[in-house]
Amino acid sequence: MPVFLYVLALAVFAQGTSEFMLSGLVPGIARDLSVSVGAAASLTSAYAIGMIVGAPVMAALSARWPRRRALAGFLAAFVVVHVIGAMTTDFAVLFGTRVVAAIVNAGFLAVAMSVAAALVPAERRGRATAVLLSGVTLSCVAGVPAGALLGDWSGWRSAFWAVAALCLPALALVFRQAPADAAGRAEVSIRREARALRSRPVRLAMALAAVVNGATFATFAYLAVIATDIAHLPDAAVPALLATFGVGSFVGVTTAGRKADGGLGRGLLLALCVLPVGWAVLAATSAYTALLFVVTIVQGTLSFGIGSTLVARVMHVAPQAPSLGGSFATVALNAGAFLGPLIAGVATGATGDYRDAAWVSAALSATAVAAVAACRVGVARAGVEEAG
């Protein structure tokens with residue numbers, strides 16, 4: 001793999017830490033800025049919305065920019081808004097910085113994915129995508145727990161300063177190493193790329209990515225309260241459980257990157273079939289500490305392995321959309337990350353049982369399995385009719 005891919009992964013690690021660290025900083029933000037916990041928690045939704053809106057818009061705007069300028073510009077803006085966020089005493093300003101940070105994060109990730117795809121041969125794009133996305137999974141393993149600890153020790157503002165500082169080495173390396181135009185394209189047609197994204201295989205891959213990621217974050221958002229209220233673990237054990245999920249995520253992305261070829265192979269189909277069973281097991285056994293940790297790492301592995309494979313699938317079936325393919329895969333993932341916890345919130349609010357978040361995950365992932373089965377049946381019937 002080209003060394004520059006790991007530079008991009010470092011930046012993605014910093015951005016992923018920023019996206020997920022809010023869960024551990026909400027109480028401190030609420031106290032310091034004199035807002036409710038619910039208002040402080042809305043910063044997470046603000047980031048998700050910014051990612052959903054920002055990915056296609058930024059990808060379209062930056063499609064004709066030199067890759068170095070686009071990557072450096074997005075990353076520099078990310079640093080600036082974190083500095084502003086760390087210094088502000090106004091919640092509205094902080095909320096705005098989260099939206100802007102998400103938009104430029106989405107833009108950076110969309111460009112980075114197109115660069116990653118252009119820097120390697122077609123048969124290695126799955127591996128390149130996995131290297132890039134490993135930054136996100138590593139943020140779950142190390143960045144998020146570290147951000148929570150830093151917030152406890154030095155206040156929530158220190159976590160924002162840390163993210164800004166972490167981006168600086170990546171920004172310097174982007175200026176030095178990024179190709180001016182990695183794809184070598186003289187002209188980019190946004191309309192042509194948009195048409196390529198309307199194909200049935202692309203739509204199916206993006207829908208599956210959204211549903212699988214919705215299932216992932218429906219439970220991930222409630223892992224802390226499942227640990228404390230259902231398994232009766234102490235608060236100090238929560239970072240360990242979240243890190244366990246992150247370890248599984250890293251294993252899943254790494255394994256998928258070595259195996260993924262952009263197809264809907266047996267490995268992906270088997271993992272999809274196991275996924276809803278795993279969520280159901282977690283719901284049924286989450287009161288038992290040892291089983292909770294074991295199932296958590298398994299589900300982290302499966303969820304992120306499937307998710308990264310589906311992102312590679314989008315890039316594989318949309319070669320005519322090198323600029324927009326990655327951005328719309330990002331939209332799909334973040335749409336799931338936004339909607340999954342909302343559905344889980346409705347379910348747990350109605351029943352008062354946090355284990356129902358895992359049942360929501362089981363239902364969503366079972367829907368993904370049903371969609372793939374229906375698609376394969378449809379293809380088989382079409383083949384029979386054509387042969388007849």
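These notebook entries record what I looked up in a predicted model of one protein.

**Entry 1: Ground rules**

I number residues from 1 along each chain as its sequence is written, and side-chain values use heavy atoms, with hydrogens and water left out. Because the model is predicted, local features need pLDDT of at least 70 and side-chain atom pairs count only at pLDDT 80 or more, while totals for chains, interfaces and linings use all residues.

**Entry 2: The whole protein**

I looked up the secondary structure and found 15 helices and zero strands. Helices (H or I, at least four residues) and strands (E, at least two) are DSSP runs, numbered from the N terminus. Of the 388 residues, 53% are buried. I use "buried" for under 20% relative accessible area, "exposed" for over 50%, and "partly exposed" for values in between (1.4 Å probe, protein chains only). The protein exposes about 15,900 Å², and carbon and sulfur atoms supply 67% of that area. Accessible areas come from the Shrake-Rupley method with a 1.4 Å probe, and for residues only the protein chains shown count as cover. I then looked up contacts, meaning heavy atoms within 4.5 Å. Among those between residues at least 6 apart in sequence, 85% join residues at least 24 apart.

**Entry 3: Salt bridges**

Side chains of opposite charge can pair when their charged atoms come close. I count a salt bridge when a side-chain nitrogen of Lys or Arg is within 4 Å of a carboxyl oxygen of Asp or Glu. By this rule, I find two salt bridges. One joins D32 and R157, with 2.9 Å from N to O. This pair links distant parts of the chain, since D32 is in helix α2 (residues 22–33) and R157 is in helix α7 (residues 156–177). The two residues are 125 apart in sequence, yet their C-alpha atoms are 9.9 Å apart in space. D32 counts as partly exposed because its relative accessibility is 41%. Leaving aside neighbours within four places in sequence, D32 is in contact with W156 and R157.

D353 and R355 form a salt bridge, and their closest N and O atoms are 3.1 Å apart. R355 has 29% relative accessibility and therefore counts as partly exposed.

**Entry 4: T88**

T88 lies in the loop between α4 (67–87) and α5 (91–119). Is T88 buried or exposed? T88 is buried, because its relative accessible area is 10%.

**Entry 5: Surface patches**

Patches are made of residues with over 30% relative accessible area and no salt bridge; like charges are joined within 9 Å, and nonpolar side chains (Val, Leu, Ile, Met, Phe, Trp, Tyr) within 5 Å. I found a nonpolar patch of I49, V53, V57, L61 and W65, with about 430 Å² of accessible area together. W65 lies in the loop between α3 (37–62) and α4. At 34% relative accessibility, W65 is therefore partly exposed.

**Entry 6: Positive phi**

Most residues other than glycine have a negative phi. I noted that S34, in the loop between α2 and α3, has a positive phi near 55°. H232, in the loop between α10 (223–230) and α11 (238–259), has a positive phi near 60°. S34 counts as exposed because its relative accessibility is 66%; H232 counts as exposed because its value is 64%.
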